[in-house]
Amino acid sequence: MKKEILDELIRRSREELMGLEASAKSNRDFATDQEFKAESKYDTRALEASYLASAEAKRVEELKLEIQILEEVDVDASKKLGEISIGALVELLHQDQKRLYFLIPTAGGTIIKVKDEAVLVVSVFSPIGDALMGLKTGDEFEVETPKETRTYQVLSFL
C-alpha cells in the first residue's frame, strides 16, 4: 500500500510538472514576443508575463526537487528501525476515530485513496509529522492546534 501511495504522489507531481513547464514556456514566449511589445508605459502585459514565467520556472525547479525527494523515500525504513520514520504508514486513533497517515518529507496535506481507504499524507515538518517521528505502536502523543490540544494514539505502523 505504501508503494502505491508513493507512486501516486510521484505521478501527480510529474503531471503538475509537465503542465507547469508548458505554461512557463508559453508565458516566456509571450513575454519575449516582439508582437506584444509595450505600446505605452501603461502596457505591462509582457512584463507581467515575464514575472509569471519566472515564478513558474521557480516552481518547476521546486517540483523537480520534490520528485527527486519522493523517489528516494525508503518505505521500509520504519520496519528496519522498529519505529516510525519517513515512509511509514501509520494508523492513529483520535477521539475514537481511526485514520491512516503516510509520513514523508514533502507533499503534505494530500489525500490519497487506496483500496477504498483515505490516507492523509503528512510532512515530517508538520506538527503531527514531527510528533510521530520515533514513536512505536501503543505510544500516545499530543499536538497543539489553534483551538485545542489533540491526543493521538499510535495503533500500528508499517
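**Exercise 1. Determine how strand S5 pairs with S6, and which residue in S6 is the bridge partner of Phe141.**

Solution. Strand S5 (residues 140-144) and S6 pair in the antiparallel sense over five bridges. Pairing requires that DSSP finds at least two bridges between two strands. Strands (E, at least two residues) and helices (H or I, at least four) are DSSP runs, numbered from the N terminus. A hairpin of four residues leads from S5 to S6. Within this pairing, Phe141 has Tyr152 of S6 as its bridge partner.

The model is predicted: local features need pLDDT of at least 70, side-chain atom pairs count only at pLDDT 80 or more, and totals for chains, interfaces and linings use all residues. Residues are numbered from 1 along each chain as its sequence is written, and side-chain values use heavy atoms, with hydrogens and water left out.

**Exercise 2. Find which residue in S6 is the bridge partner of Val90.**

Solution. Strand S1 (residues 89-94) runs antiparallel to S6 (residues 149-157), with four bridges between them. The partner of Val90 in S6 is Phe157.

**Exercise 3. Classify the ring pair of Phe141 and Tyr152.**

Solution. Rings of Phe, Tyr and Trp (its six-membered ring) pair if their centres lie within 6.5 Å; planes under 30 degrees apart count as stacked, over 60 as edge-to-face and the rest as tilted. The ring centres of Phe141 and Tyr152 are 5.2 Å apart and the planes are at 15 degrees, so the pair is stacked. Phe141 lies in strand S5 and Tyr152 in strand S6, 11 residues apart. Both Phe141 and Tyr152 are buried (under 20% relative accessible area; exposed is over 50%, partly exposed in between; 1.4 Å probe, protein chains only).
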